[in-house]
Amino acid sequence: MTASTSPTTALLRGNFQIQHHRHFSNLARATTKEEKEPWWKDSMDRLRNIGISAHIDSGKTTLTERILFYTGRIHEIHEVRGRDGVGAKMDSMDLEREKGITIQSAATYCTWNGYEVNIIDTPGHVDFTIEVERALRVLDGAILVLCSVGGVQSQSITVDRQMRRYEVPRLAFINKLDRMGADPWKVLNQARSKLRHHSAAVQVPIGLEDDFQGLIDLVKMKAYYFHGSSGEKIVTAEIPVEMEALVAEKRRELIETVSEVDDNLADAFLADEPISASDLEVAIRRATVAKKFVPVFMGSAFKNKGVQPLLDGVLSYLPCPPEVSNYALDQTKDEEKVVLSGTPDGPLVALAFKLEEGRFGQLTYLRIYEGVIRKGDFIINVNTGKKIKIPRLVRMHSNEMEDIQEAHAGQIVAVFGIDCASGDTFTDGSVRYTMTSMNVPEPVMSLAIQPVSKDSGGQFSKALNRFQREDPTFRVGLDPESGQTIISGMGELHLDIYVERIRREYKVDANVGKPRVNFRETITQRAEFDYLHKKQSGGQGQYGRVCGYIEPLPQGSTTKFEFDNMIVGQVIPSNYIPAIEKGFKEAANSGSLIGHPVENLLIALTDGAAHAVDSSELAFKLAAIYAFRQCYAAAKPVILEPVMLVELKVPTEFQGTVAGDINKRKGVIIGNDQDADDSIITAHVPLNMMFGYSTALRSMTQGKGEFTMEYKEHSPVSQDVQMQLVNTYKASKGAE
């Protein structure tokens with residue numbers, strides 16, 4: 001934005017362009033054939049879909065709040081844990097405001113310099129990782145927020161890995177430069193070493209900590225100061241004389257870094273030609289959109305400094321929808337990959353990426369990848385084949401909505417009254433495409449839960465069904481032995497929040513059992529089985545014989561259970577084979593060590609026998625179940641437990657105590673770094689030993705320690721733990 005254009009003028013001009021654009025779009029449709037540029041070209045170029053994600057407490061929601069304020073979407077700023085009782089706009093749930101954390105990702109949109117920006121603010125806690133996962137699945141670009149004091153933390157690494165998985169181009173924003181101990185250059189180096197970012201700063205801060213005053217733009221070579229009560233007046237000035245040397249060095253570093261991945265800029269750089277601001281800007285955009293470079297912005301959202309240049313950076317460097325290539329799978333051609341044009345001209349393709357239960361029924365968030373969607377249209381859910389009419393189409397602003405008549409490719413909208421699941425694809429019926437689904441992690445922890453009063457059973461099951469539909473990482477099951485309802489999720493906080501939401505939103509008080517860890521069982525060697533199931537009672541008997549072996553699947557195999565039918569000829573009629581597979585699957589659902597599911601298992605059927613009269617599907621299914629139980633012990637089964645990757649940050653004086661405690665919890669310390677007065681310890685610790693750890697850590701470190709943990713893998717438990725678990729299981733079985 002040049003100094004001469006005031007934000008108001010820009011906003012008015014932007015709105016006028018959009019009105020003007022809508023007015024002429026119908027005209028333009030008629031004349032498309034004569035012109036080169038289609039009617040939607042301009043509005044698609046002026047669209048950005050971005051997500052804001054980061055480690056806990058890096059300032060994502062605060063940053064979104066500032067963006068909404070400067071773009072005129074809200075008229076006053078509220079803090080996350082607001083004393084005024086209002087709270088940040090994007091944390092619309094009461095629970096979020098009380099705890100000061102984001103639980104659900106919220107969507108909004110705003111206008112900046114005539115561009116439309118759709119923003120999704122995502123949670124930082126690893127327990128709500130699916131919210132980040134599904135936001136990144138549908139976005140074209142992202143802002144990775146890093147704290148200038150904390151640097152690259154464990155959750156920043158996880159979020160970055162998710163961005164990489166969905167190939168999202170990103171900007172980094174180093175926040176909190178006003179805090180004591182802020183060091184953006186240290187954070188930049190950490191991003192290069194820990195996240196393997198090919199990155200360089202596009203700004204240099206003027207002063208740090210208490211005397212952080214403004215920023216110098218290395219592309220345009222101008223200094224910006226932020227005045228006014230909320231930093232809304234930007235004053236452009238020349239670069240302070242004492243900073244010229246540093247600025248020249250950092251600009252050269254920026255050009256060098258971009259030249260490494262951009263040939264056009266490299267030619268100019270090697271020929272020692274002066275590089276203009278516009279050349280550099282275009283080169284940074286090319287490299288960022290190609291995911292080869294990450295520009296680093298700086299500022300302090302809380303102190304209202306550096307947010308507007310970051311918005312300019314979103315427009316300048318992040319891609320518009322047609323620049324991102326998205327694939328769909330064509331169901332009519334055996335899931336062949338199809339590249340979507342990403343324009344409104346094609347057939348409609350939209351993905352339901354998030355569901356929410358609103359006051360008026362289910363609200364489904366859609367990202368439109370191609371085509372146009374209109375209110376009153378009929379669309380088809382490819383996953384279920386159902387034809388549905390769109391009764392109402394809205395755009396979301398946190399928890400408020402605005403009705404619209406139509407939306408086109410590249411936009412994020414919400415529809416009411418459509419019955420579907422998270423991850424379903426919708427088309428207009430002319431094609432049968434599905435978008436690839438999201439990566440959903442396995443739950444690691446379970447709780448037994450039951451309503452206090454018998455009358456509230458209906459509301460209770462309604463709540464569980466709704467949460468299960470909304471959140472793919474939240475599972476509900478029945479314990480076959482005790483008949484209790486078991487809920488599973490990504491961690492203690494995740495399950496606590498759901499129990500609390502059942503109480504608040506459905507007025508159902510529930511009793512919660514002790515958290516349980518999701519153990520698994522597996523086998524370590526091959527074992528043969530040969531089992532004859534024969535039962536004679538008056539009339540038709542039962543007869544089925546199965547022979548074969550079970551063995552562990554090879555390391556790194558993608559499936560957890562494989563059934564291999566190696567029978568030659570017809571010793572067992574082929575119509576009984578599915579029943580045998582079903583029997584083995586059922587038997588593998590609970591191993592005989594502690595009754596947990598058995599995985600990494602290959603079952604091969606090599607021989608068997610059938611009887612002309614007495615054989616039936618039931619007989620073979622039972623034969624398979626008993627055969628599995630018979631040979632299971634011979635395959636040397638072991639128990640697997642979820643192991644967590646734990647990152648602790650504790651003052652150095654408590655390092656010994658904390659490390660000793662991790663060893664006591666059977667953890668393995670794999671890394672220990674020093675960061676100023678703090679020690680950063682990384683360890684692999686069994687989840688079973690981590691219950692109530694936050695209280696223990698507080699008492700060991702006088703309240704100064706903090707930790708984050710995320711699921712790493714299931715790995716075998718030690719012999720003594722296995723004995724202990726098996727004995728406990730047997731005792732509980734005996735008691736019944």
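Tutor: Gladly, and keep in mind that this is a predicted model. Let us begin with strand 36 (residues 668–675) and strand 37, which pair in the antiparallel sense.

Student: What makes strand 36 and strand 37 a pair?

Tutor: Two strands pair if DSSP finds at least two bridges between them. Strand 36 and strand 37 have seven bridges, so they count as a pair. One place to look is Asp675, which stands opposite Asp678 in strand 37.

Student: What lies between strand 36 and strand 37?

Tutor: Two residues separate them, and the two strands form a hairpin. In the turn, Ala676 has a positive phi of about 55°.

Student: Which other strand is joined to strand 37?

Tutor: Strand 35 (residues 637–651) is joined to strand 37 by nine bridges, and these two run antiparallel. Here Val650 stands opposite Ser679.

Student: Why is strand 37 called mostly covered?

Tutor: Buried means under 20% relative accessible area. In strand 37 (residues 678–686), seven of the nine residues are buried, so the strand is described as mostly covered. Strand 3 (residues 115–121) is also mostly covered, with six of its seven residues buried.

Student: How is strand 3 paired with strand 1?

Tutor: Strand 1 (residues 47–54) and strand 3 pair in the parallel sense, over six bridges. Leu47 has Glu116 in strand 3 as its bridge partner.

Student: What makes strand 7 and strand 10 edge strands?

Tutor: Picture the open sheet in which four strands follow the order 7-8-9-10, with antiparallel pairing. Strand 7 (203–206) and strand 10 (233–237) each pair on one side only, and they are the edge strands. Neighbouring strands of this sheet are turned by 30° against each other on average, direction ignored. Inside the sheet, four bridges join strand 8 (residues 214–217) to strand 9 (residues 222–227), and Ile216 stands opposite Ala223 in strand 9.

Student: What is the order of the open sheet of three strands?

Tutor: The order is 13-12-24, again with antiparallel pairing. Its edge strands are strand 13 (336–340) and strand 24, and the twist averages 45° from one strand to the next. Strand 12 (residues 326–330) and strand 24 share three bridges. In strand 24, Thr434 is the bridge partner of Leu329.

Student: How do you know whether Thr434 is buried or exposed?

Tutor: Its relative accessible area is 11%. Buried requires a value under 20%, so Thr434 is buried. Leaving aside neighbours within four places in sequence, the contacts of Thr434 include Ala328, Val382 and Thr425.

Student: Let us turn to aromatic rings. Why is the pair of Phe474 and Tyr498 called tilted, rather than stacked or edge-to-face?

Tutor: A search of the whole structure finds twelve aromatic pairs. In this one, the ring centres of Phe474 and Tyr498 are 4.5 Å apart and the planes are at 35°. The centres lie within 6.5 Å, so the rings pair. Stacked needs planes under 30 degrees apart and edge-to-face over 60, so 35° makes the pair tilted.

Student: What does the pair of Phe474 and Tyr498 tie together?

Tutor: Phe474 lies in the loop between helix 12 (457–470) and strand 26 (475–478), while Tyr498 is in helix 13 (residues 492–506), so the pair ties together parts that are 24 residues apart in sequence. Phe474 has 0% relative accessibility and counts as buried; Tyr498, at 6%, counts as buried too. Ring pairs also link Phe467, Phe474, Tyr498 and Tyr506 into a cluster.

Student: How far is the charged end of Lys250 from the centre of the ring of Trp185?

Tutor: The distance is 3.9 Å, and the charged end of Lys250 sits over the ring. Elsewhere, Arg526 lies over the face of Tyr549, at 3.5 Å from the ring centre.

Student: Which residues have the most contacts inside the largest nonpolar core?

Tutor: They are Leu63, Leu254 and Ile284, in a core of 50 residues. Helix 11 (residues 307–317) gives the largest share of this core, six residues.

Technical notes. Residues are numbered from 1 along each chain as its sequence is written. This is a predicted model: local features need pLDDT of at least 70, side-chain atom pairs count only at pLDDT 80 or more; totals for chains, interfaces and linings use all residues. Side-chain values use heavy atoms; hydrogens and water are left out. Axes are lines fitted to C-alpha atoms, for helices over the stretch in contact, and angles run from 0 to 180 degrees between N-to-C directions. Buried means under 20% relative accessible area, exposed over 50%, partly exposed in between (1.4 Å probe, protein chains only). Rings of Phe, Tyr and Trp (its six-membered ring) pair if their centres lie within 6.5 Å; planes under 30 degrees apart count as stacked, over 60 as edge-to-face and the rest as tilted. A charge sits over a ring if NZ of Lys or CZ of Arg is within 6 Å of the ring centre and within 35 degrees of the ring normal. Contact means heavy atoms within 4.5 Å. A nonpolar core is a set of buried Ala, Val, Leu, Ile, Met, Phe, Trp, Tyr and Cys residues joined through side-chain atoms within 4.5 Å.
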